[in-house]
Amino acid sequence: MKMDRKELHCRNEILSITKKLVGVESIVNTDGEKDMAKFIYDYLASHPYFTANRSQLVMEQTTKDERERYNVLSFVKGTKGESDRTVVLMGHLDTVGVDDFGKQRDLAFSPDDWMDFLQNENIPEPAQKQLESGDWLFGRGVLDMKSGLASNMYLLTYYAEHPELLEGNLVFIAECDEEDSSHGILSALQTLKNWKKEHAFKYVAAINSDFVAPAYEGDENRYVYKGTVGKLLPSFFITGEETHVGSAFDGLDPNFIAAELTKQINYNPDLSDTALGETTMPPVSLKQTDLKPSYTVQTALSAYVYYNFFVHSWSPEKVLDLLKEQATLAFTNALTSFEERYQKYCRMSGQATRSLPWKPRVYTYSEMQEMLTKAHGEQYENHMKEFKEELVQDETLDTRMFAARVVEESWKFMPDKSPAIIVFYSSLYSPRVALIGDTEDEQRLLQALDNAINAVQPDYDHPIIAKNFFPHISDMSFIAMSDNMDDIEYMVENTPSWGKKLHVAYEDVHELNIPVINIGPYGIDGHKKLERMEMTYSLEIVPNLTNHIIQDILTNMHE
């Protein structure tokens with residue numbers, strides 16, 4: 001490849017690191033995460049720079065975490081001039097599981113052996129051609145995201161060997177738990193804050209190295225991203241009016257309302273958020289159930305549903321406002337359908353009809369709390385405090401079911417218990433990040449990205465395209481955020497798990513707010529059995545793109 005003077009000939013070294021990382025099983029929520037952190041720490045600790053500067057390399061346990069696991073953080077101080085400007089390289093060390101590999105489970109962690117095995121397997125033609133090409137690496141984590149992490153490790157040790165080429169500082173983070181609850185990056189925030197104060201770092205850019213993939217079948221583009229999608233989990237507690245199934249029309253089944261709600265929300269493009277010319281995937285259901293503990297011939301008292309919801313520009317308040325409208329419409333449609341079916345049944349059976357007593361009622365959780373506090377005062381507040389204290393001891397409940405049980409308990413205090421829908425959030429909010437050039441640091445990062453693409457594109461066959469929003473959940477959401485703290489406060493007020501089962505130091509994210517982009521390995525079938533990455537792009541283009549940006553961002557603006 002012919003690049004400018006900053007070209008790094010690093011393919012073989014990054015490939016070697018990648019295979020070593022893949023060889024350490026690091027499935028999220030297993031002890032493998034600890035093993036992976038220890039491997040990375042030992043690998044870096046063996047480097048002469050970190051032997052001489054041991055305080056610049058740490059393996060730190062996560063905080064407020066039910067598991068014992070660790071992040072690895074380190075930094076190199078450049079000696080080319082004096083500058084406090086600092087770039088952060090970040091990537092996660094955990095992977096998803098390998099149940100899909102079946103009897104070949106162990107091969108998942110040995111790319112060479114796995115590819116030898118696949119040579120004699122009947123796999124889809126595109127994967128077969130890539131396997132035979134010699135430019136693709138298969139295995140669990142090669143794409144998501146150990147080759148990206150390996151690229152960052154290479155760059156860190158490169159500048160550890162050549163600090164005279166670095167004007168400013170380079171921080172490295174290998175964080176755990178990205179695939180589940182982001183305990184890793186959330187714990188690392190405090191260290192970043194401490195280093196900022198202790199070493200006078202001025203964080204001017206962060207580069208995440210999560211994987212990128214085709215956006216559609218036949219897509220030949222290689223994408224880099226200027227920010228990331230935000231992700232919410234809007235949830236609905238739905239109450240009906242119970243009845244014996246032999247008198248079905250004497251009550252209102254909350255599952256009936258839930259079904260109408262899912263019909264209204266699922267795949268609805270009216271709930272896709274368009275910003276900067278890009279549109280989010282619409283919401284999709286992730287759970288729908290009633291809350292009956294066991295079988296009876298009585299209809300359910302309540303139902304519970306929640307949906308994935310991506311955002312580019314909408315705030316948590318905007319999302320709940322939209323979903324209150326959708327819930328009201330769904331409730332109205334459910335009652336209309338119920339009335340039509342009831343009338344038809346009465347005609348068929350010769351029974352007299354009655355007026356149905358229900359009207360659509362939809363409240364946010366904070367609205368319900370305001371009503372209940374007004375009605376019951378401290379009695380209600382004290383009861384709910386004690387209830388949450390006891391409920392949090394139940395380790396079988398995740399944050400989503402914990403939230404449902406809190407709302408269910410609150411509902412018992414409602415003066416009017418006619419059917420209703422309560423809308424709230426039941427899980428971690430991953431904030432959206434829109435990099436639009438609002439600050440000088442953002443403007444410089446955007447220009448550096450353009451410069452880097454222009455520098456490497458002539459020597460690479462496929463178009464490298466910059467887009468505005470990384471389309472998947474990532475730890476980028478916890479290094480920067482486009483929401484303000486009022487937006488966060490609204491979300492908190494509508495999250496029943498907050499403070500007991502769930503807490504995120506969004507104030508730390510807001511304080512650091514480092515402009516962040518994603519430049520990661522390219523491949524196909526992440527999280528699947530045939531996970532694979534293209535080596536030319538991932539092991540050559542990615543580190544060189546990243547290095548161009550490091551140099552561009554840190555170079556004195558007055559040169």
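## A surface patch

V245 sits in the loop that links β9 (234–239) to α8 (254–265); helices (H or I, at least four residues) and strands (E, at least two) are DSSP runs, numbered from the N terminus. This is a predicted model, where local features need pLDDT of at least 70 and side-chain atom pairs count only at pLDDT 80 or more, while totals for chains, interfaces and linings use all residues. Residues are numbered from 1 along each chain as its sequence is written, and side-chain values use heavy atoms, leaving out hydrogens and water.

## Overall build

The protein chain has 16 helices and 19 strands. Its C-alpha trace spans about 90 × 55 × 40 Å along the principal axes. Of the 559 residues, 58% are buried (under 20% relative accessible area, with exposed over 50% and partly exposed in between; 1.4 Å probe, protein chains only).

## Aromatic rings

Let's turn to the rings. A search of the whole structure finds 26 aromatic pairs (rings of Phe, Tyr and Trp, its six-membered ring, with centres within 6.5 Å; planes under 30 degrees apart are stacked, over 60 edge-to-face and the rest tilted). Y223 and Y225 have ring centres 6.2 Å apart and planes at 40 degrees, so this pair is tilted. Both Y223 and Y225 are buried. One aromatic cluster is formed by F249, F256, F338, Y342, Y345 and W358.

## Charges over rings

Y223 also has K467 over its face, at 5.3 Å from the ring centre. R222 lies over the face of Y522, at 3.7 Å from the ring centre. The criterion is NZ of Lys or CZ of Arg within 6 Å of the ring centre and within 35 degrees of the ring normal.
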